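Please read the following alongside the sequence and the coordinates, which are shown here before the discussion begins.

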Amino acid sequence: MTTVTDRTVLRDALGLLKDREQIAERLLDSSAKHSFDPDRELDWDAPPVEGKWYWPPELVSLYDTPLWKRMSEEQRMELARHEAASLASLGIWFEIILMQLLVRHIYDKSLTSNHVRYALTEIADECRHSMMFARLIKTGGAPAYPVSRLNHNLARILKTVSTTPGSFACTLLGEEILDWMQRLTFPDERVQPLVRGVTRIHVVEEARHVRYAREELRRQMVTAPRWERELTRISCGEAARVFSVAFVNPAVYDNVGLDRREAVAQVRASGHRREVMQTGAKRLTDFLDDIGVLNGIGRRLWRSSGLLA
């Protein structure tokens, strides 16, 4: 699958890998031109617009289920508001994990390199994103939805033991599916202007983060020893399983007056929901497949997560 042609030129199934410093320089230039201060860019004091959603209805977990068809329009919109808060809470959790993994990644690298300078720039972006999501939750009026204690502590273990390729694979898992959903959200005029503004900022800045993680994961999968590539397949697959379970906190159903067990069962049985999640993950799973992350046990774990068809 991969070959190393010499000490400086690396190639994988996708072709030649670009120079690390050149990639970082381009990303730094983009950061200088296209970075945002959410506190200044967005009108946080504007009242919500009556009749507009907090999340596109087609992306709400219960959409097109028998339970959804029985719900009033008001209850559907209320569920969307709570799921938007749940996803923002999940986003904060992922970004805090990502920041710690990035700090670990650059700890032993040259502090004057473009590669490290961009990582620090990305950490600054993620700090703003986490504060932006937290402010969105408060402004929207729904509660925060932390992940379960089990998943919280599983992530604590991941942050401690994850090797570099595993860190970047898990980073992409947390970024790309939410990014796909947000790309559908920010141009959707049915959605609250504040939510559209938040998702627009996140999509623009997250595109750089995805490029950085993809290029680094390619490099790591070429250069890492076999044991580390195998560990990456396992850890990434297990992270996909946790992610698919934690994606929407089931407490949202309680908070809009639904029966939690019935709602969770219908989401699991929903062909529409399965298609949404697999479509959102497809660009990522195609990439991971190309570079060898979905080989062997990795593919089986991803299938069991429901994110891979």
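Gln220 touches Arg20, His105, Thr164 and Pro165 when residues up to four places away in sequence are not counted, contact meaning heavy atoms within 4.5 Å. This is a predicted model, in which local features need pLDDT of at least 70 and side-chain atom pairs count only at pLDDT 80 or more, while totals for chains, interfaces and linings use all residues. Residues are numbered from 1 along each chain as its sequence is written, and side-chain values use heavy atoms, with hydrogens and water left out.

Gln220 belongs to helix H8 (residues 193–223), helices being DSSP runs of H or I with at least four residues, numbered from the N terminus. With a relative accessible area of 12%, Gln220 is buried (under 20% relative accessible area, with a 1.4 Å probe and protein chains only).

H12 (residues 271–290) reaches 27 Å from its first C-alpha to its last, close to the 28 Å expected at 1.5 Å a residue, a span taken as 1.5 Å times one less than the number of residues. Even so, H12 has a kink of about 50° centred on Lys282, the bend being the angle between axes fitted to the seven residues ending there and the seven starting there. After H12 comes Gly292, whose phi is positive, near 95°.

Methods
Helices (H or I, at least four residues) and strands (E, at least two) are DSSP runs, numbered from the N terminus. Buried means under 20% relative accessible area, exposed over 50%, partly exposed in between (1.4 Å probe, protein chains only).
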